[in-house]
Amino acid sequence: MAAATASGPRGEGGGAATSALTMERIQSLTELAELEAAYSRLCEEEKVVQEELDALLEQQSTIENKMVVLHRMGPNLQLIEGDAQQLAGMITFTCNLAENVSSKVRQLDLAKNRLYQAIQRADDILDLKFCMDGVQTALRNEDYEQAAAHIHRYLSLDKSVIELSRQGKEGGIIDANLKLLQEAEHRLKMIVTEKFDTAMKQGDLPRVERFFKIFPLLGLHEEGLSKFSEYLCKQVANKAEENLQLVMGTDMSDRRAAVIFADTLTLLFEGIARIVETHQPIVETYYGPGRLYALIKHLQVECDRQVEKVVDKFIKERDYHRQFQQVQNSMMRSSSVEKIEPRELDPILTEVTLMNARSELYLRFIKRRIIADFEVGDSMASEEVKQEHQKYLDKLLNNCLLSRTMQELIGYYITMEEYFMRETVNKAVAMDSYEKGQLTSSMVDDVFYIVKKCIGRALSSSSIDCLCAMINHSTTELESDFREVLHNKLKQGFPATTFQDFQRGVTSAVNIMHSSLQQGKFDTKGIESTDEAKQSFLVTLNNVEVCSENIMTLKKTLESDCSKLLSQGFGGEQAQAKIDSCLSDMAAVSNKFRDLLQEGLSELNSTAIKPQVKPWINLFLSVSHNIEEEEFSDYEANDPWVQQFILNLEQQMTEFKAGLSPVIYDTLTGLMTSLIAIELEKVLLKSTFSRLGGLQFDKELRSLIAYLTTVTTWTIRDKFARLSQMATILNLERVSCALPTFTEGLWEPWLDSTWIYWAHPDIVTSIR
């Protein structure tokens, strides 16, 4: 019951261990089981409460220490509270003071602004009066610059201030002044315009420039630029007409007669560039930055007119369109029209590229000037304005008649240049000749001179599209037509001479010798023609190798030249990608020539070297290597095979060494070395060896390797690795000595008494 009593108040207080049994509930219990259950429950709750009390008692010292600290902090907290209240009072006072000061500052600022407005209004009224008096005096004295300065000052006055002044007591006087100024403005504009027109008609440049500087003071920027541009355009037109008349009277024997139209365009462009350079400072100073575009736009229209006249004269005098039409007809395979002589096109093509180069240079100058002017004028402008100005520039440069005319001329030029290159290459091939002592024939140098000339001429036009077109045409010409010529020559094969046929016991050679002896003389015509065919084949191989090298050299040269061209600002954003694509095609053509060279070398190896080398190697079978001491000594004094084999090889390769380039000769020697290693291994597997025979073969192999090492710059020991291993095994006493040395998969010897036979590992296994 004591436990129940203790838990009652705890339950009422809402503690953590509040009992669910109240005193009323306990007093109402009548059954013994219920009382026992209630008692057990109260005991458990009492145990929990006891544990919580023990825990709190354990913390008693800590809590007491904290309470001591709190008591000590009491006085300090009171001091802090007082300081905080004092600080809050100071902040409130400062805030009120600042608010009062700021309100007075605002009042002073308002008063100052009103004072400035009053002063400005008074100044404007005085300026208005001063401008009216000054402009009248300046007009009477014909001091138009001063009059324009007064009008400019009047136009710069704040209109709202003038409007307020008109509403005051002096409104009538101000209206009168304004009316007089407006009349003076109108009068001055008429005078300046008339004086400018008069000076322009008289060609008086100082007076033209004088009145040109007055227009912006009167707010007539566009009109001033338009009239000044009109004057400059007349100067350009007069000079261009004069130059064109000189062209028509030029003697054709003059050294510049072939490029006289290009020179005429150059003079036109130089004249316009000089005008821009001379007058750009005036425009920037008096009209402000960003106005140069308007001047150049008017000049470009006149430039287009003069370019059209010069190009029309060029087309007429050079008969450009007729020659283009004739070239087009000649390029059709089925056309029977008489072909135009390529050298007749040479001066015309040169002049067209020079004309386009001058045009590109001029347009690049114009672009650079306008961009510089826009950058200054648009320094504070928005991005939209900058993009709009860029569109204006692109439209001016790309859509002007000059650009379109040059594109048309270059379009004709590309077709005519392609024809020129194709026909001259065909002539070079047809006139191919070979001089004794030379490794290549004349057509290689001639063809690449022509290709370089055509590509170089296209490069000189400063047009990336033109250059890429000619690189592609040159690549096609080399890959299709010229390579086909060399391929057809190699397809004829390397012929064997009648002497070689006779040595091999060929019946046809015997018949030739027999018929020649019956006639009492030996017919060498067949031999001479065969020698010529041999020489032609070797020269063609050299030609192919030189062509491949020349193409790569040309590619590297073009990479350097194109890099310089692009660094000068020619070409658009995609120019580098276009050039890289064309040059990669050129590298692919060089690889095709190398493939053709490999085909020719394989043909030479199979028709000229293999039929000779194979019988010489087969003679190895006729020399016994199943020898004793006596035969070994005799072989040492009189070599039975390898020295004669080396001599035959040297005689065989002498002809090729004299007729082939070092690179091709080395490659051919490598093919021959591989052939010797393969064929010698075959005959070796058919031979039997004694211990001394194996030693003899080792000496022969070493001599052969030593000789072949001297005739080529390539390493050959790897090709004779298997033969060297065979020679090593042949010099062993028994099979067991070879097994630890050589891995399975190599050829292994089988030793039977004094004989050694070569057998595959499977055979060796079965014999064992």
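What follows is a list of selections, each with a short account of what is there.

**Whole chain**

Start with everything shown. This is a predicted model. The protein has 768 residues, and 41% of them are buried. The accessible surface comes to about 42,900 Å². Carbon and sulfur atoms own 53% of that surface. Now think about contacts between residues at least 6 apart in sequence: 77% of them join residues at least 24 apart.

**Helix 8 and helix 10**

Select 205-212 for helix 8 and 260-287 for helix 10. Their axes lie 11 Å apart, and the packing angle is about 25°. The cut-off for roughly parallel is under 35 degrees, so helix 8 is roughly parallel to helix 10. Show side chains at the contact. Helix 8 brings Leu205, Glu209 and Phe212. Helix 10 answers with His279, Ile282, Val283 and Tyr287. By type, the contact residues are five nonpolar, one polar and one charged.

**Asp319**

Move to the loop between helix 11 (292-317) and helix 12, and pick Asp319 there. Most residues other than glycine have a negative phi. Asp319 has 29% relative accessibility, so it counts as partly exposed.

**Tyr320**

Step one residue along. Tyr320 sits in helix 12, which covers residues 320-331. Is Tyr320 buried or exposed? Tyr320 is buried, because its relative accessible area is 0%. Show its surroundings, leaving out neighbours within four places in sequence. The contacts of Tyr320 are then Phe314, Ile315, Ile348, Val352, Leu409, Tyr412, Tyr413 and Met416. Draw a C-alpha distance from Tyr320 to Tyr413: it reads 9.5 Å, across 93 residues of sequence.

**Ser462**

Next, select the loop between helix 16 (442-460) and helix 17; Ser462 is in it. Here is another positive phi in a residue other than glycine, with Ser462 near 65°. Is Ser462 buried or exposed? Its relative accessible area is 11%, so Ser462 is buried.

**Helix 17 and helix 21**

Select 464-491 for helix 17 and 575-618 for helix 21. The two axes come within 9 Å and cross at roughly 5°. Helix 17 and helix 21 are therefore roughly parallel to each other. Colour the contact by residue type. It divides into 15 nonpolar, four polar and seven charged residues.

**Phe482**

Stay on helix 17 and pick Phe482. Its relative accessibility is 1%, so Phe482 counts as buried. Which residues does Phe482 contact, leaving aside its neighbours within four places in sequence? They are Val429, Met443, Val447, Glu477, Cys547 and Phe593. Cys547 is also worth a distance label.

**Ser548**

Go to helix 20, residues 525-567, and select Ser548. Ser548 has 2% relative accessibility, so it counts as buried. With residues up to four places away in sequence not counted, Ser548 touches Ser590, Phe593 and Arg594. Phe593 was also on the contact list of Phe482. Which side chain makes a polar contact with the side chain of Ser548? It is the side chain of Ser590, at 3.0 Å.

**Leu675**

Last stop: helix 24, residues 662-685, where Leu675 lies. Leu675 counts as buried because its relative accessibility is 9%. Residues up to four places away in sequence aside, it touches Asn605, Ile609, Lys610 and Val613. Finish with a C-alpha distance from Leu675 to Lys719. These residues are 44 apart along the chain, and their C-alpha atoms are separated by 9.6 Å.

Key
Residues are numbered from 1 along each chain as its sequence is written. This is a predicted model: local features need pLDDT of at least 70, side-chain atom pairs count only at pLDDT 80 or more; totals for chains, interfaces and linings use all residues. Side-chain values use heavy atoms; hydrogens and water are left out. Axes are lines fitted to C-alpha atoms, for helices over the stretch in contact, and angles run from 0 to 180 degrees between N-to-C directions. Helices (H or I, at least four residues) and strands (E, at least two) are DSSP runs, numbered from the N terminus. Angles under 35 degrees count as roughly parallel, over 145 as roughly antiparallel, 65 to 115 as roughly perpendicular and the rest as oblique. Ala, Val, Leu, Ile, Met, Phe, Trp, Tyr, Cys and Pro count as nonpolar, Asp, Glu, Lys and Arg as charged, and the others, Gly among them, as polar. Buried means under 20% relative accessible area, exposed over 50%, partly exposed in between (1.4 Å probe, protein chains only). Contact means heavy atoms within 4.5 Å. Accessible areas come from the Shrake-Rupley method with a 1.4 Å probe; for residues, only the protein chains shown count as cover. A polar contact is a pair of N or O atoms within 3.5 Å; within protein, one must be able to donate a hydrogen and the other to accept it, and residues adjacent in sequence count only if both atoms are side-chain atoms.
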